[in-house]
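Colleague: Could you walk me through this model and the words you use for it?
Modeller: Gladly, let us take a look together.

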Amino acid sequence: MIECHGLQWGAGGRALTPPLDLQLAAGSLTAVIGSNGSGKSSLLKVMAGLDRPLAGRVDVNVPLLGGVSYLPQQQHVDRQFPIRLAELVSAGFWRSRLGRSERQARLRQTLMDWGLLDLQTQGLHALSGGELQRALLARLSLTDAQVLLLDEPEAALDDVGLRLLWQHVERWQQEGRTLVLVSHNLAGLERKNCEGLLIARSGCIRAPIRQFMAERQRLGQVA
Ligand SMILES: Nc1ncnc2c1ncn2[C@@H]1O[C@H](COP(=O)(O)OP(=O)(O)OP(=O)(O)O)[C@@H](O)[C@H]1O
């Protein structure tokens, strides 16, 4: 579903890792891990088509428009932008074929699912960090995209929010969607039994998260 061929990425013309060759199957869940500044978010942006690679290429076997959904880190959201929470979430309907009444029903249900119904008329500037994160995830959960790229989806969420997130991740997997998420929460990922991709200057390593946990001492800092 996602293939990287000799991929190099980075800022200011400086590649962050040696060339990466990678194949992620449809329906897979991959956690991108690595220390601060190693290049995880930058990799996700290249996969999402938001940044160009320095070398090599990424092939995503779905249309980039509508086939791929990207969850940014919330510091990239302009909180002064004059829209209400419900309008932000509704952006998930972009390219949807649902009619007006179906959209209204689905929006209401999604706001309820994420505990946001009472906040739907609130401006973005008036939301807490966790509320904004839930809204961004609610927007993502309205899309039909087959590829979901999530940059630190756990950020700012409380226990209830985390439970909702992982319930959705499970559902998206059952629906056969391909998920790539950036995380620093290795212990949490180990419990989900997911695949990892360690981003490091010396080279990227792909292995189950439990293996990274087991070899933490030998590998040094991995998240
Ligand atoms: N717009 C930019 N201009 C210049 N350098 C940048 C830019 N964006 C990122 N970088 C640099 O590229 C490197 C990788 O950044 P990136 O955000 O991908 O790291 P990360 O692994 O996601 O880090 P973190 O765990 O801290 O979120 C860092 O050294 C960062 O300073």
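This is a predicted model: local features need pLDDT of at least 70, side-chain atom pairs count only at pLDDT 80 or more; totals for chains, interfaces and linings use all residues.

Modeller: Residues are numbered from 1 along each chain as its sequence is written.

Colleague: Why is Asp-51 called partly exposed?
Modeller: Asp-51 has 16 other C-beta atoms within 10 Å. A residue is buried with 20 or more such atoms within 10 Å of its own C-beta, exposed with 12 or fewer, and partly exposed in between, with C-beta atoms placed from the backbone. So Asp-51 counts as partly exposed.

Colleague: What makes α5 largely enclosed by the rest of the structure?
Modeller: Ten of its 13 residues are buried, so the rest of the structure largely encloses α5. Among them are Leu-132, Ala-135 and Leu-140.

Colleague: Why are α5 and α6 called roughly parallel?
Modeller: Helix α5 (residues 129–141) and helix α6 (residues 159–174) pack at an angle of about 15°. Angles under 35 degrees count as roughly parallel, over 145 as roughly antiparallel, 65 to 115 as roughly perpendicular and the rest as oblique. The two helices are therefore roughly parallel to each other. Their axes are 11 Å apart.

Colleague: Which residues of α6 make the contact?
Modeller: On the α6 side they are Gly-161, Leu-165 and His-168; being in contact means that two C-beta atoms, placed from the backbone, lie within 7 Å.

Definitions and conventions: Axes are lines fitted to C-alpha atoms, for helices over the stretch in contact, and angles run from 0 to 180 degrees between N-to-C directions. Helices (H or I, at least four residues) and strands (E, at least two) are DSSP runs, numbered from the N terminus.
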